[in-house]
Amino acid sequence: MPRFTVNVRGEWLTVPCKKPSCTIQLLGLEALKRYVKNKPDNGGIDPFDDIHFVARRCQGQGVLDADDTVEDVLEDNDFIELVIEGDTMSTDYMQVPLSIHRTSVYREPENYISLDGNNLSSTDLVNLGKGLYKIKLTPEAENKVLQSRELLDTIVNENKVVYGITTGFGKFARTVIPVSKLKELQENLVRSHAAGVGSPLSPERIRMLLALRINVLAKGYSGISLETLHSMIQAFNASCLSFVPEKGTVGASGDLAPLSHLALGLIGEGKMWSPKSGWADAKYVLQAHGLKPISLKPKEGLALINGTQMITSLGAEAVERAEAIARQADVVAALTLEVLKGTTKAFDSDIHELRPHPGQKEVALRFRSLLDSDHHASEIAESHRFCDRVQDAYTMRCCPQVHGVVNDTIAFVKNIINTEINSATDNPMVFSERGETISGGNFHGEYPAKALDYLSIAVHELAAISERRIERLCNPSLSELPAFLVSEGGLNSGFMIAHCTAAALVSENKVLCHPSSVDSLSTSAATEDHVSMGGWAARKALRVIEHVEQVLAIELLAACQGIEFLRPLRTTTPLERVYDLVRTVVKPWIKDRFMAPDIEAVHRLLIDQKVWDVAKPYIEKYRIEHIPESRPSSPTAFSLESPPSPRKRMRLE
């Protein structure tokens, strides 16, 4: 007999359907009947009234026709929402993630990444967040997990007193818990610590968080049972994702609040999201996917919630997006320099060999590869070859020095994040080979917190210098272009307020770049008397990077508009290809129009790295021709895109 989970005014009801030929109308009426059954006031519904409602599937929010039969439009265990006529549509958190996912279709992945706790990269983690892979454990990881669990079971069976296993937590570390209450101890830990607030993380970020926690547990130092770890993997592979509020962690002892919310859904409590159900009660989401809630064994609650995985998973996304926008910032700035008729002399390789920071040298090379008229003739450059300008403003001339340190910072931060991704951050640690557990402080988030604060400060500079280049493009006293890049100025305002938007974002970033990790507040009755505040470091890093992307989107739009006023002259071949790419989504600005969609369209090009995809072949060709050691046999020393090791390639199945 098929059955369905129906949401009526926030309450979830399981409604069986005796006849598959029954209609959506009858299914809805049965759900309403069950809803009012146990309500003292019938839930405010008069059973004698002719009740009108709209039914829709939670997945995709498609409205269902009342006369359709359930067998034609629904699948067994589908999730449905009823909206009664006169009710206000829900505006709570349950609708927010659904709006995100209406623009993309979730397709269950076919390929797997094998986790062992040692080889996951930030790139892998972001791809897991996007739903590109499922997860499985390596045999070696399974053996290590089994061995550490055997030691824990021995501790429990021998009635030893060990922190977090047979005692309370934090200030209650000296309180010994009887064996009969060890399961309750772990459940209480998860429930009480699930005290976060704010909007939920997006499903992609929750998926990253869950994947990273699985990877850390796979190292075999947390004492998790293989059964519980497999249940977590099944939930991940089914994309059953717990509700995790974004606020509440101080980054030591780990990300307790968000990880507790993650664990809460896995034990069948709180809310969960899946592509099939949308947001619903966790027990129903698990049930719809044929999964059972996890039953916690001794220490397993602590194993699920103690670690830096929220800071690190958000940090992984931040560093990957930072790397992408930093590369493309060089391309955008090169196009602006061309439009402003700047000189390429400042990018001469001999200058940068005298100050050989890797990032600086790399940015100068990219500029040469995109602007070198010996390789890609530029009619714009030729038009001012004999002008009397000796040098350009710093915002153009000093791009290798300013953009360069951003590249070096990203490489530094990426190394820390990748180390943290594959680190055991639990407490206590279970050393099966030594036959003992040891309490330590690996849960402290200072490493990723400091690194992400540093990342924000560095990447922000891409927006700060970009906004000044936008000013030069829009200001006729600083260029040979019309004011605000539009004809009939006065009648049209052109890029006037787009520049204001860039300025506003840069100003906001200046506040967001204040380091969160310089703060610490003592918590847990002074047991946790120094904390990292890494959760905020990670969240604001993502906001800073998004603002940088948006500012550079505005600069790219402005530079392409500037090209229009230099026609019929053409720029270099790679930069013409970038211009052509932008014109596939945004037409030239002939007269004023609604600008926000144009900014968003180009922002999307940058997020999807389309600008880099266009420019990269020209940059790499130039590199091979001018740097002998970069020829195909080996990647460059600076490259952040080195090919995966043979071991990593084996993990992608």
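The questions below take the domains, then the cavities, then a pocket.

Trainee: How many salt bridges does the rule find across the interface of domain 2 and domain 3?
Mentor: This is a predicted model. The chain is divided into domain 1 (3–84), domain 2 (112–306) and domain 3 (319–423 + 447–519 + 546–625). Between domain 2 and domain 3 about 750 Å² is buried, with 47% of that area from carbon and sulfur atoms. For salt bridges across this interface, the count is zero.

Trainee: How far apart are the C-alpha centres of domain 2 and domain 3, and how many residues does each give to the contact?
Mentor: The C-alpha centres of domain 2 and domain 3 are 42 Å apart. To the contact, domain 2 gives 14 residues and domain 3 gives eight residues.

Trainee: How do the residues that line the largest cavity divide into nonpolar, polar and charged?
Mentor: Four cavities reach 30 Å³ or more, and the largest holds about 40 Å³. Its lining includes Phe-495, Leu-557, Trp-589, Arg-583 and Asp-598. The lining of the largest cavity divides into five nonpolar, one polar and four charged.

Trainee: Which helix gives the most residues to the lining of the second largest pocket?
Mentor: The second largest pocket has a volume of about 740 Å³. Of its 35 lining residues, Gly-170, Ser-253, Leu-256, Ser-524 and Glu-528 are the closest to the centre. At least two lining residues come from each of helix H6 (182–193), helix H9 (256–266) and helix H11 (300–305). With five residues, the helix that gives the most is H6.

Notes: Residues numbered from 1 in each chain as written. Predicted model: local features only at pLDDT ≥ 70, side-chain atom pairs only at ≥ 80, totals over all residues. Heavy atoms only, no water. 1 Å grid on protein atoms, 1.4 Å probe; cavity = no way out; pocket = protein on both sides within 12 Å on 5 of 7 lines; lining within 4 Å. Points joined across faces, edges and corners; volume = space filled by probe spheres on them. Nonpolar A, V, L, I, M, F, W, Y, C, P; charged D, E, K, R; others polar. Helix = DSSP H or I, 4+ residues; strand = E, 2+ residues; numbered from the N terminus. Domains from an automatic or database assignment. Contact = heavy atoms within 4.5 Å. Buried area = accessible area lost by both parts, 1.4 Å probe. Salt bridge = Lys/Arg side-chain N within 4 Å of Asp/Glu carboxyl O.
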